[in-house]
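Student: I'd like to learn how to read pockets and disulfides in a model. Can you walk me through one?

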Amino acid sequence: MRNIAIFILSICLCMTPVQLAAAQFDGSEPLLCAVVQMIECGGDGKCFPVTTEIAGIPRFLKVNVEKRTITATEESGITDVSLIKNVERIAGRLIMQGSGNGRGWTLVISESTGDMSATISDDKVGFVVFGACTKD
């Protein structure tokens, strides 16, 4: 009986660091996210890579789930604040949605790795964004 208790305790202790690491990017702390790659798609179905400058999207974003805001870093020269209107945590992902400047957006961050993807769209164009986040 004692061996079974030790075995179960060992498994629990081994799982604890994994559980802590899995929640690393759960939105409980502010995050700094960097755009690594961006693709623009038009209504004609043609898609091509673009820069953040061409798309008018900051390269670095500060995500604060507690305050429900996404802001650009000062270096980007973009001062807009986008309000997070919906937040969900599903299947190890932090999912946020909002709108601003005539565009709607969805941002998804892996809670375990910080990998990020986003979609941003208006009535003429859509962007698919890939990047990574770290604690701010």
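Student: What classes of residue make up the lining of the largest pocket?

Tutor: The lining has 14 nonpolar, 8 polar and 2 charged residues. Here Ala, Val, Leu, Ile, Met, Phe, Trp, Tyr, Cys and Pro count as nonpolar, Asp, Glu, Lys and Arg as charged, and the others, Gly among them, as polar. Keep in mind that this is a predicted model: local features need pLDDT of at least 70, side-chain atom pairs count only at pLDDT 80 or more, and totals for chains, interfaces and linings use all residues. Residues are numbered from 1 along each chain as its sequence is written, and side-chain values use heavy atoms, leaving out hydrogens and water.

Student: How many disulfides does a search of the whole structure find?

Tutor: The general idea first: a disulfide is a covalent bond between the sulfur atoms of two cysteines. The search finds 2, taking cysteine sulfur atoms within 2.5 Å as a pair. In one, C33 and C133 have their sulfur atoms 2.0 Å apart. The other joins C41 to C47, also with S to S 2.0 Å.

Student: Are C33 and C133 buried or exposed?

Tutor: Both C33 and C133 are buried; that means under 20% relative accessible area, with exposed over 50% and partly exposed in between (1.4 Å probe, protein chains only). C41, at 23% relative accessibility, counts as partly exposed, and C47 does too at 44%.

Student: Why is the disulfide of C33 and C133 right-handed?

Tutor: The torsion about its S-S bond is about 105°, so the disulfide is right-handed.
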